[in-house]
Amino acid sequence: MMRKLAGLTLAAFAFSAPAPAQDSVLEPDGYRTENYRAPVPTTLAGARVLTTAEAEAVWRAGTAVFVDVLPRAPKPPNLPAGTIWRDKPRLNIPGSVWLPDTGYGTLAPATEDYLRRGLARASGNSNAKLLVIYCQTDCWMSWNAAKRVLSWGYSNVAWYPLGTEGWEAADLPMAESQPEPRSDEETASPR
């Protein structure tokens, strides 16, 4: 009898609704401007939120432009003359367009222009082209960038919140990437 009662009690718990998460993150009204590596919301109004399986399916279908917004470490200004600077390699989703530094909450005009031009080039000037915006897991940079892209009238935006860490954890291919050039740089990087 005790076993049955225990089984009934467990069954009742199994069918009850899960308790809401204590650490749910709500979408802010504006952009996140600090503490960028922190838990992110599970939603982004106006955008489709992709799981790794969904991002992989879109990637394999070749129907979207994947846009990586991970910041790039700048060359330190105080390096001694003759010091060779080597950028840290960026491994991202193959074929991605890397537009670094474009996910901050506030963008300088030159950085905003860089993002606008990069998106126009990558989308073939189509506001309807599917854009998948990502960075890393628990990184507000991708959330901010996707929100900004939506505000500019792009109508087919997906946000992949697990980013390269989720992609790599699923043992999906990664490729070394170079950032798209800024206006003062000469040629586009290979994707």
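**Salt bridges, worked through**

Let's start with Arg90: in this predicted model, Arg90 has 6% relative accessibility and counts as buried.

**Exercise 1.** Find which side chain Arg90 meets in a salt bridge, and where the two partners lie.

*Solution.* 
- Step 1: Arg90 pairs with Asp68, at an N to O distance of 2.8 Å.
- Step 2: Arg90 belongs to strand S3 (residues 90-92) and Asp68 to strand S2 (residues 64-68), so the bridge ties together parts 22 residues apart in sequence.
- Step 3: Asp68 has a relative accessibility of 0%. Asp68 is therefore buried, since buried means under 20%.

**Exercise 2.** Decide whether Arg37 and Glu165, which form a salt bridge, are buried, partly exposed or exposed.

*Solution.* 
- Step 1: The closest N and O atoms of Arg37 and Glu165 are 3.4 Å apart. The pair links distant parts of the chain, 128 residues apart: Arg37 sits in the loop between helix H1 (2-15) and strand S1 (48-49), Glu165 in helix H5 (residues 163-169).
- Step 2: Arg37 has a relative accessible area of 45%, and Glu165 has 34% relative accessibility.

**Exercise 3.** Locate the partners of the salt bridge between Asp101 and Arg182.

*Solution.* 
- Step 1: Their side chains meet at 3.0 Å, N to O. Asp101 is in the loop between strand S4 (97-98) and helix H3 (109-123), while Arg182 is in the segment after strand S7 (175-177); these distant parts are 81 residues apart.
- Step 2: Arg182, at 25% relative accessibility, counts as partly exposed.

**Exercise 4.** State how many salt bridges the count comes to.

*Solution.* The count is 8 salt bridges.

Methods
Residues are numbered from 1 along each chain as its sequence is written. This is a predicted model: local features need pLDDT of at least 70, side-chain atom pairs count only at pLDDT 80 or more; totals for chains, interfaces and linings use all residues. Side-chain values use heavy atoms; hydrogens and water are left out. A salt bridge is a side-chain nitrogen of Lys or Arg within 4 Å of a carboxyl oxygen of Asp or Glu. Helices (H or I, at least four residues) and strands (E, at least two) are DSSP runs, numbered from the N terminus. Buried means under 20% relative accessible area, exposed over 50%, partly exposed in between (1.4 Å probe, protein chains only).
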